[in-house]
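Have the viewer open as you read.

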Amino acid sequence: MIDIRGSAALDRYRPRWTEALPLIAMAGGYVVFSNYLVFAASVMVMAIFALSLDLIIGFAGVLTLGHAVFYGLGAYGSGLMALAGLKDPIVNSVCAALLAAGVGFAAGPLLLRLRGIRLIMVTLGLAAIVFEAANKADWLTGGHDGLQNIEFSAVLGRFDWSLDGSTAYVYVACWLALAVIGMRIVISSSFGMALQGVRENEARMLVLGAPVQAQLTLAFVISAGLAGLAGALATETNAFVSLDALSIDLSIYALAMLALGGIGRLYGALVGAVVYMSVQYFTQELNPAYWMFAIGALLIAVVRFGRGGLLGSLDALWMRLQAPGAAR
Amino acid sequence: MQPFLSGVAFVGLYGLSYGILLFIISIGLVITMGLMRVMNLAHGAFAAIGGYATIALMKSAGLPYGLALACAVVGVAALAVLLERAVFAYLYSASDLDQVLMTLGVNFVVIAFLTLVFGPNLYPAALPPSLRGSVDLGFRSFETYRLFLTTIGFAVAALVYFGFERTSFGARLRAAVDNRTMAQAIGIDTGRLFSISFAIGAGLAALGGGVGMGLMPLEPFYPLKYLVLVLIVVSLSGTGDVRSALGAALFVGLVDTAGRFLLPEVGGFLIYALLIGLIVWRRDGLFVPRTAR
Amino acid sequence: MSAYALETRGLMKRYGGLVVANEVSLALEKGARHALIGPNGAGKTTLAGLISGTIRPNSGSVWLFGEDVTRAGPAQRTKRGLVRSFQITSLFAKLTVLENLFLAVSEQRGESFSIATPAAFRRETLARAEALVTQFGLGPVANRRVSELAYGQQRLIEIALALALNPKVLLLDEPAAGIPSSETGVLLDAIETLPQEIAILLIEHDMALVRRLARDATLLVQGAVIARGTVASLLASDVVRQVYLGKAARTIPAHA
């Protein structure tokens, strides 16, 4: 009898002390990036959005290209609620996230009946419809100009929004930490494993008796809520929301972030968002067309050379270093 | 009764011309998906490049419209052959996600390239003078361009239909789409079949881009902008054959035109909503009979 | 009423003019070791589909422990104890062996929506999954991705996966398919040591395996039951020889 108990069993599905490192990094970032706090806050917002996309595409294997709709819902929802008087940022964020999750719950059962090209088509189409509707309804959304000068009250009643972005940074960092912990809990659970099972072999999961549609719907709702949260945080930290929050481009850029960092990995989303946003920030002087070209080439390369993004490549390298030529 | 008939004629002609244009652009993708199950989200890029190349040849080489168009079509078909070797061949056995990522990447590269060469704005369609103006058909006058488009469109569609249904190449293609392993088993070289039909599909898309630029104006984001429309046609086409694709494309063209005509404000996206609803409801395609389980 | 674990009554399935299952009736008692034999194309896999619920019959019924499950889908039949393993391996490719089995046990225990607890802390589920790993001798590869394993090991996991669902009736569809006979040892040992209370219906066309693993057999030819009885009597009978013409003469030695 071979005893396989011990640390090797289901290693990925138990908490490890290394998990604290990113959180420490976030705390450290406050000091290290003190001149770029506003930018760093926007990176963290994107990281949350990337996380939400990773859950539904990377883990559950549901290929949707319209996730920006939930981000936009959260962003506009937050802005409109603030303009209507709901100015407390935390309450505002929670409500916006719940709004997005609610829409996800309504749309999920319909969308999740589809797979492959049909799902891509429908999500793209719906995203296009929502974008156009938001554009036309400029009495509500401000159209091309968006909603400006949205005021939020101080965080926890004490910390005012400062120009240097220090409040924004800490505020978003706390939410990101919660999001990361939340995601970690979900994907280390039996439910998280089941999602991967659905991704790998849906037919087998059905035969195992798994309630696949319900599982996917739950994942979709969580993902929608997270995306909505990210949108709300964007509005709160920028005091502004525009149609960009609903654009299909946003979904595709987030997908590029995942591809860069490593799809289907928690930290892949984080790493991808940080690297993507940073490189973009430091090359923003150039013609945006060059950036688009670079992203396009990146996507082609990631698929062509299939290493699972940055983290995947690091993993492969680690394996190579650990057992060079060793037979197993 | 006059305005009603006039309206019907308008929707009819304009809807059909739009539909046939969509057919020419989309048929390549319908076959690609049916034959190799590759989701090429960059298919619209062929149309865009075809349109831009036509204009570029007219402007820089001074070629007349027809010749420029022909050169563009051949050029894009050649490009497609290269692209297939370099990029798409890799996608045959790739997962859905990988196909989406890679073809989105191709889209971005093409869009970036077009922006850098032609600028980010809508490019004015350079239609030859003979195609401008309108023709009076008695009960209504129509733009000459539209009539031209409809004629060319149906002529090409007829050729494609003929090629698909009546030639031996078409027969082999139909067999391979229906059951690839079986086709291979009886000796059909599906790899070569695919390369050829991929090139033809790309060329057709380029033709659509060049001929349709009065209707679907050229801009760098063209591939992404019309992606949804093309995908709608593909999704409604069901089994990947020319007949159902023709039906689907004409249907989309007519419904879209009718919608915009009857409800100018919301017509555009009512259509999207309707078509999406259709796809969710009729998962197998519009003209495919529901098979009993 | 019926003391049978699994029973089919007059199952009929037709595709257009082609009858693939022709009034098939069988009965398996608890603890049965029953083989379904017949030449390729006899309709064995269709029958497997009819029994497991992935195919709807035109007429006839399927009964599990005295309950009519004809209308129930595969997931429901699984919940009632009828589990099937597949002829073509269908596993979770990028997950590890342990994860594959853990998933199956987890679903069987109704932990589909367990979110709050890390999977590794689901002690009972993990224990059962680990027990299956050891039972099938997969210890050394427990943490390897299934896609990296040899085909023979994947077939083992295919059966382990079926067992993880606590079957009371197990439908094994050509378990050794694709494995060279020199490597089938572990697999056959594993099947032989399956719990005695489970009723096993083994679909197989390799007579050597049938002789080793089954006590009774039903011979299916062109969708119809031609003969039924103990394996020994069937193998000695003329009918089987005729059906397996030529092949039978070489692979089934006549003996008392």
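Start in chain B, where G163(B), F164(B), E165(B) and R166(B) of α5(B) meet F169(B), G170(B), L173(B) and R174(B) of α6(B). Keep in mind that this is a predicted model. Sorted by class, that contact has three nonpolar, two polar and three charged residues.

How do the two helices sit against each other? Two packed helices are described by the angle between their axes and the distance between the axes. Here α5(B), residues 144–166, and α6(B), residues 168–178, pack at about 70°, and their axes are 5 Å apart. Angles of 65 to 115 degrees count as roughly perpendicular, so that is the label for α5(B) and α6(B).

Now hop over to chain A and find helix α3(A), residues 68–83. Its 16 residues reach 22 Å from the first C-alpha to the last, close to the 22 Å expected at 1.5 Å a residue. Because 14 of those 16 residues are buried, α3(A) is largely enclosed by the rest of the structure. After the helix comes G85(A), which has a positive phi, near 120°.

Last stop: where chain A touches chain C. The contact involves 32 residues of chain A and 38 residues of chain C. On the chain A side, the elements giving two or more residues are α7 (166–187), α8 (190–207) and α9 (212–238). The largest share, 12 residues, comes from α8(A). By class, the chain A side divides into 20 nonpolar, eight polar and four charged residues.

Key:
Residues numbered from 1 in each chain as written. Chains lettered and ligands numbered in written order. Predicted model: local features only at pLDDT ≥ 70, side-chain atom pairs only at ≥ 80, totals over all residues. Helix = DSSP H or I, 4+ residues; strand = E, 2+ residues; numbered from the N terminus. Expected span 1.5 Å × (residues − 1). Buried ≥ 20, exposed ≤ 12 C-beta atoms within 10 Å, placed from the backbone. Contact = placed C-beta atoms within 7 Å. Nonpolar A, V, L, I, M, F, W, Y, C, P; charged D, E, K, R; others polar. Axes fitted to C-alpha atoms, helices over the stretch in contact; angles between N-to-C directions. Parallel < 35°, antiparallel > 145°, perpendicular 65-115°, else oblique.
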